[in-house]
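Here is a short report for a first look at this structure. Keep the sequence and the 3D view at hand while reading.

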Amino acid sequence: VWEDTPIEDALATMRRGPFRRVLVVDSDDRLVGILSLDDVLALLGEEFGEIRRLITREAPGSLATA
């Protein structure tokens, strides 16, 4: 995948493979990294944690009362 490929497209490539890892290349087709399914899962875990923190902070019980 290209280094600017959206994560959703990279996941689609992994599913079609099926691959657990894909090479990441720049615009000159030089290898710049490897994206693994574990990397994606870790990123999603962080995102879900942030969503949980936002929901907790905005829960009705946490709102100030006048």
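## A buried aspartate

Asp26 is buried, because its relative accessible area is 9% and the cut-off for buried is under 20%. The model is predicted. Asp26 sits in the loop between β1 (21–25) and β2 (31–36).

The side chain of Asp26 makes polar contacts with backbone. It reaches the backbone nitrogen of Asp28 at 2.9 Å. A polar atom of the Asp26 side chain also lies 2.9 Å from the backbone nitrogen of Arg30. Beyond neighbours within four places in sequence, Asp26 is in contact with Trp2, Glu3 and Val32.

## The nonpolar core

Which residues make up the largest nonpolar core? There are six: Ala10, Met14, Val22, Val24, Leu35 and Val40. Two elements, α1 (7–16) and β1, each give two or more residues to this core.

Take Val22, one of the core residues. Residues up to four places away in sequence are not counted here. Val22 touches Val1, Thr13, Met14, Gly33, Ile34 and Leu35.

Leu41, Leu44, Phe48, Ile51 and Ile55 make a nonpolar patch of about 500 Å².

Phe48, one of the patch residues, is found in helix α2 (residues 37–58). Is Phe48 buried or exposed? Phe48 is exposed, because its relative accessible area is 56% and exposed means over 50%. Asp26, by contrast, is buried at 9%.

Key: Residues are numbered from 1 along each chain as its sequence is written. This is a predicted model: local features need pLDDT of at least 70, side-chain atom pairs count only at pLDDT 80 or more; totals for chains, interfaces and linings use all residues. Side-chain values use heavy atoms; hydrogens and water are left out. Helices (H or I, at least four residues) and strands (E, at least two) are DSSP runs, numbered from the N terminus. Buried means under 20% relative accessible area, exposed over 50%, partly exposed in between (1.4 Å probe, protein chains only). A polar contact is a pair of N or O atoms within 3.5 Å; within protein, one must be able to donate a hydrogen and the other to accept it, and residues adjacent in sequence count only if both atoms are side-chain atoms. Contact means heavy atoms within 4.5 Å. A nonpolar core is a set of buried Ala, Val, Leu, Ile, Met, Phe, Trp, Tyr and Cys residues joined through side-chain atoms within 4.5 Å. Patches are made of residues with over 30% relative accessible area and no salt bridge: like charges are joined within 9 Å, nonpolar side chains (Val, Leu, Ile, Met, Phe, Trp, Tyr) within 5 Å. Accessible areas come from the Shrake-Rupley method with a 1.4 Å probe; for residues, only the protein chains shown count as cover. A salt bridge is a side-chain nitrogen of Lys or Arg within 4 Å of a carboxyl oxygen of Asp or Glu.
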